[in-house]
Amino acid sequence: MQNELEQIINNPNSGNEIKLKGKIRLSINQGKTFTVGRLCVKGIIQIARSDITIDGGDAEIEVNIDDCTTSDWSLFFVHPMARNVQFNNLRIRIRIQNPQHSTRTFSFIYNTAYGLKLNNCHVEMYSDKQLNMVGVYNNGNLDTHMETRADNLVIDNCLLKAECVTKEFDKECVVYGVYNYLANSISIQNTFIYAINVGNSDRQKAIGVYTNGRFGRFIGNNIKANASHNVGREKEQAYAFGFINEGLYSIIESNNIVGEWAGMSVGLENREAFAIVSGNKILATHTICGRSIRNYGNNTIIECNVLTSTSRNARLIEHMAHNCVISRNIMEVLMVQSECRSGCGIYAVGTDCTENIIS
């Protein structure tokens with residue numbers, strides 16, 4: 001079935017809009033191999049044609065994968081020449097049942113092309129063994145403020161859920177909702193992103209969104225990272241990061257960002273300069289070590305946010321940068337006072353923490 005879909009998508013006679021219909025079941029135990037830089041990626045369905053729209057409004061897709069431990073895999077692999085591909089109205093459930101734990105990575109979409117768009121797509125991925133998982137892996141592959149091959153990604157009005165649940169932990173394992181590698185000018189809005197990972201240390205992490213590309217815009221999303229330790233009393237659990245930003249000039253506005261149920265929960269970790277963090281509700285909850293915002297980025301504005309935590313050792317803002325503006329935020333630790341062991345509203349220390357305006 002996957003070969004038939006691939007042929008239809010890449011056939012010029014199919015037109016620029018491909019409509020999927022009916023119940024589609026894919027059972028996968030092998031795939032084709034492509035070399036991408038130093039990575040070996042197995043694409044179940046390859047897309048090599050530009051300016052096409054794949055519409056799944058009349059389809060329901062289920063994917064069962066028996067073994068993806070021999071390489072990095074993706075359900076859809078978008079080749080660099082396939083510019084301006086758009087996915088609309090997809091409904092996809094992916095279940096991975098590997099025979100053993102693996103340090104390999106499975107992605108719903110592995111994109112290497114300019115102008116990919118996802119609109120109104122509902123994607124759920126599940127693995128019962130340790131496996132690195134990514135909802136959308138956007139690989140720009142070039143550290144430049146000029147154009148990269150995967151620039152201009154747009155994700156709008158979607159649901160992306162990736163879940164790795166196991167009872168044994170012997171490997172490093174990270175689950176991402178969205179992973180943007182060096183691609184610039186991406187835009188994510190009105191989207192629910194949910195990453196879940198189970199573990200017993202910082203070797204296992206759940207991260208809602210990670211980006212290190214420039215000029216990103218993240219507006220009006222619901223982003224949640226969950227590490228499945230709902231008691232919140234042990235640091236020896238997986239770590240949860242709602243959002244990690246390492247990209248210059250990022251705009252992060254009007255989002256709900258949560259890191260929860262973890263050995264350490266961080267709502268937003270900003271590591272790069274010239275970020276605007278405004279009008280968000282950011283929460284670090286159900287954890288022994290909660291950080292609503294950790295800021296290492298110089299020349300950053302953090303304003304008009306609601307910052308809360310249910311940590312027993314909370315820091316609502318942990319600030320280690322200079323020439324920043326922190327103002328007009330509402331901040332409160334929501335854990336009952338008798339349970340709190342330590343805490344701080346704005347923790348600003350270090351030799352680089354200078355020339356800031358905090359009001």
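This is a predicted model: local features need pLDDT of at least 70, side-chain atom pairs count only at pLDDT 80 or more; totals for chains, interfaces and linings use all residues.

Biologist: How are Tyr 179 and Tyr 181 arranged as a pair?

Modeller: Tyr 179 and Tyr 181 are stacked, with 6.5 Å centre to centre and 15° between the planes.

Biologist: And are those two buried or exposed?

Modeller: Tyr 179 has a relative accessible area of 15%, and under 20% counts as buried, so Tyr 179 is buried. Tyr 181 is partly exposed, at 30%.

Biologist: Okay, what about Phe 215 and Tyr 249?

Modeller: Phe 215 and Tyr 249 make a stacked pair too, with 5.7 Å between centres and 15° between the planes. The pair links distant parts of the chain, 34 residues apart. Phe 215 is in the loop between strand 17 (204-211) and strand 18 (217-219), while Tyr 249 is in the loop between strand 20 (239-245) and strand 21 (251-253).

Biologist: How accessible are Phe 215 and Tyr 249?

Modeller: Phe 215 is partly exposed at 32% relative accessibility, and Tyr 249 is partly exposed as well, at 41%.

Biologist: Where does Trp 261 lie, and how accessible is it?

Modeller: Trp 261 lies in strand 22, which covers residues 256-262. Trp 261 has a relative accessible area of 27%, making it partly exposed.

Biologist: Which charged residues sit over rings?

Modeller: Two examples. The charged end of Lys 224 sits over the ring of Tyr 194, 5.6 Å from the ring centre. Arg 315 lies over the face of Tyr 347, and there the distance to the ring centre is 3.7 Å.

Biologist: Switching to packing: how many residues are in the largest nonpolar core?

Modeller: The largest nonpolar core has 75 residues. Ile 47, Leu 75, Phe 87, Ile 94, Phe 106 and Phe 108 have the most contacts inside it. A second, separate core has 16 residues, among them Phe 77, Val 174, Tyr 179 and Cys 289.

Biologist: Which residues of helix 1 are buried?

Modeller: In helix 1, residues 2-10, the buried ones are Gln 2, Leu 5, Glu 6 and Ile 9. Looking down the helix axis, those buried residues fall within an arc of 100°, so they line one face of helix 1.

Biologist: Last one. Where is Asn 280, and is it buried or exposed?

Modeller: Asn 280 lies in the loop between strand 24 (276-278) and strand 25 (281-287). Asn 280 is buried, with a relative accessible area of 2%.

Biologist: What does the side chain of Asn 280 reach?

Modeller: The backbone nitrogen of Asn 255, at 2.8 Å.

Biologist: And which residues is Asn 280 in contact with?

Modeller: Leaving aside neighbours within four places in sequence, Asn 280 is in contact with Ile 252, Glu 253, Ser 254 and Asn 255, and also with Cys 304, Asn 305 and Val 306.

Terms used: Residues are numbered from 1 along each chain as its sequence is written. Side-chain values use heavy atoms; hydrogens and water are left out. Rings of Phe, Tyr and Trp (its six-membered ring) pair if their centres lie within 6.5 Å; planes under 30 degrees apart count as stacked, over 60 as edge-to-face and the rest as tilted. Buried means under 20% relative accessible area, exposed over 50%, partly exposed in between (1.4 Å probe, protein chains only). Helices (H or I, at least four residues) and strands (E, at least two) are DSSP runs, numbered from the N terminus. A charge sits over a ring if NZ of Lys or CZ of Arg is within 6 Å of the ring centre and within 35 degrees of the ring normal. The arc is that of the directions from the helix axis to the C-beta atoms. A nonpolar core is a set of buried Ala, Val, Leu, Ile, Met, Phe, Trp, Tyr and Cys residues joined through side-chain atoms within 4.5 Å. A polar contact is a pair of N or O atoms within 3.5 Å; within protein, one must be able to donate a hydrogen and the other to accept it, and residues adjacent in sequence count only if both atoms are side-chain atoms. Contact means heavy atoms within 4.5 Å.
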